[in-house]
Amino acid sequence: MMKSPKDWPEPIVRVQSLSESGISSIPDRYIKPPTERPSFHVFGSSQDTAAVAEADNSNANIPVIDLSGLESKDSQLRAATFRRVSESCREWGFFQVVNHGVSPQLMDRALEMWRGFFHLPAEAKQLYANSPKTYEGYGSRLGVEKGAILDWSDYYFLHYLPLSLKDYNKWPHLPTNCREVIDEYGKEVLKLCGRLLKVLSVNLGVREDFLQNAFGGEDIGACMRVNFYPKCPQPELTLGLSSHSDPGGMTLLLPDHQVTGLQVRKANSWITVKPAPHGFIVNIGDQIQVLSNAIYKSVEHRVLVNSGRERLSMAFFYNPKSDIPIEPAKELVTPERPSVYTPMTFDEYRLFIRLRGPQGKSQVESLKCLRRLS
C-alpha cells in the first residue's frame, strides 16, 4: 500500500518570490528538458517518436457551447446543444461553456479575491503552507520526487466536499470576506457540474443520473486549486504546469481572461485556448475516461508562462467519492468494446499521481497495463 509522505523532500521556494526578486535567469531546477519546452514536445516510445509542434492556431480554439440551449423549448436547438457537448467530449476532451448560470459578478469577485491573496505579504501566506500529506493550503510544487524539475507556479488547494474534509481553518481569512466568496462560488459551480454530468450521461446512452451515481450520488468529492503563475524572465525554458491529464472526474476552470496560457493537445499540435468572456473551460478527467470505457477521453494540457504579465486561474475538480472502485460501466462494455481498465479507487489513483507528479497521459494509460498483466 502506498503511503502519503509527511513532508517535502527539499526546502520550499516560492516562485513568486523568485519572480519578484528581479532575477534575469531562472534556477536550473525550473528548466525543462528541451523536448518539454514550449517550442516542441516529443511523445511516444523510442520506437514511435513524434514531434508535437506549436500550432499556427491564430484562429483555432476549443469548442464554445452556449448552455442556454439545454433549456430551450426548441427541440432542435436542445438536441444540437447535446450533440455539441458529445462531439467535444469525444473529439477534444475540452470545451468552453457560456450562459451557464453562474453569476459573472461572482466569477470576477472570486478571481480578484484570490489575486489579492497572492499579493499579501509572504508571512501572511506562509501561515497556510501545505504539506504533501493532503496538499491543502498554500503550495509551490507537485510530487515529492527529490531533485525533480519543478513548474513555474504557486497555488492554493482546498477541499470543498465531502463536508468531513471541509475545514474553514485551512481556508485563507484574508482578503476580507474571502471564505464567504469561496463558499458562494463553490455552491454555484457545484450546481453547474451536476447539470453537465447529466448531459454527459445522456450522451453516453445511459441514465441521466448514471455518472452522478457512479461518483457516489450526493456523497462525492470536490476541491479547488487556484493557480498563480508569476512573471518569468525565461518563459521559453519552463512551464507553469507540465503536460498532464486531470486525474479526477471533471474539471471546471475559470481562466484569466486577460492573459492566455492554457494549451490543449490536439493531434500533433498544442492549441492555445482563447477564453470566452465569463465562460468556464470544462475538461474530462481520467475517472470519466475510465467510466466511459474510453468513449470520452481526458486530454493532455499544459500551461505557458510569460515575461510580461502574471496569470491566475481557478480549477474546480468534481470527483468520485474517494473509496469507490472506478471501472468501465457495464452498459458500455461490449464484445466490440471490451473493458480496458482495471478498477482503482480515486484515493489510490490520487496518491499514485501525487507521488509521481505530472506525467502526461501515462498515469491513466498505466491502468491498461495493469489489466493486461493481471
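Student: Why is Glu 184 called partly exposed?

Tutor: Its relative accessible area is 37%. Buried means under 20%, exposed over 50%, and partly exposed in between (1.4 Å probe, protein chains only). The value of 37% lies between these limits, so Glu 184 is partly exposed. The model is predicted: local features need pLDDT of at least 70 and side-chain atom pairs count only at pLDDT 80 or more, while totals for chains, interfaces and linings use all residues. Residues are numbered from 1 along each chain as its sequence is written, and side-chain values use heavy atoms, leaving out hydrogens and water.

Student: What makes Glu 184 and Arg 109 a salt bridge?

Tutor: A salt bridge is a side-chain nitrogen of Lys or Arg within 4 Å of a carboxyl oxygen of Asp or Glu. Here the closest N and O atoms are 2.9 Å apart, so the pair qualifies. Glu 184 belongs to helix H5 and Arg 109 to helix H3 (residues 104–118), 75 residues apart. Helices (H or I, at least four residues) and strands (E, at least two) are DSSP runs numbered from the N terminus. Arg 109 is likewise partly exposed, at 39%.

Student: Are Glu 10 and Arg 141 buried or exposed?

Tutor: Glu 10 has a relative accessible area of 16% and is therefore buried. Arg 141, at 4%, is buried as well.

Student: How do you know that the length of helix H2 (residues 75–91) agrees with its number of residues?

Tutor: The expected span is 1.5 Å times one less than the number of residues. For 17 residues this should give 24 Å, and the end C-alpha atoms are 24 Å apart, so the two agree.

Student: Which residues of H2 are buried?

Tutor: They are Thr 81, Val 85, Ser 86, Ser 88 and Cys 89. They cover an arc of only 165° around the axis, taken from the directions from the axis to the C-beta atoms, and are therefore on the same side of H2. The face turned away carries the exposed residues Gln 76 and Glu 91.

Student: What caps the N-terminal end of H2?

Tutor: Asp 74 does: a side-chain oxygen lies 2.9 Å from the backbone nitrogen of Gln 76.

Technical notes:
Polar contact = N/O pair within 3.5 Å; in protein donor to acceptor, adjacent residues only side chain to side chain.
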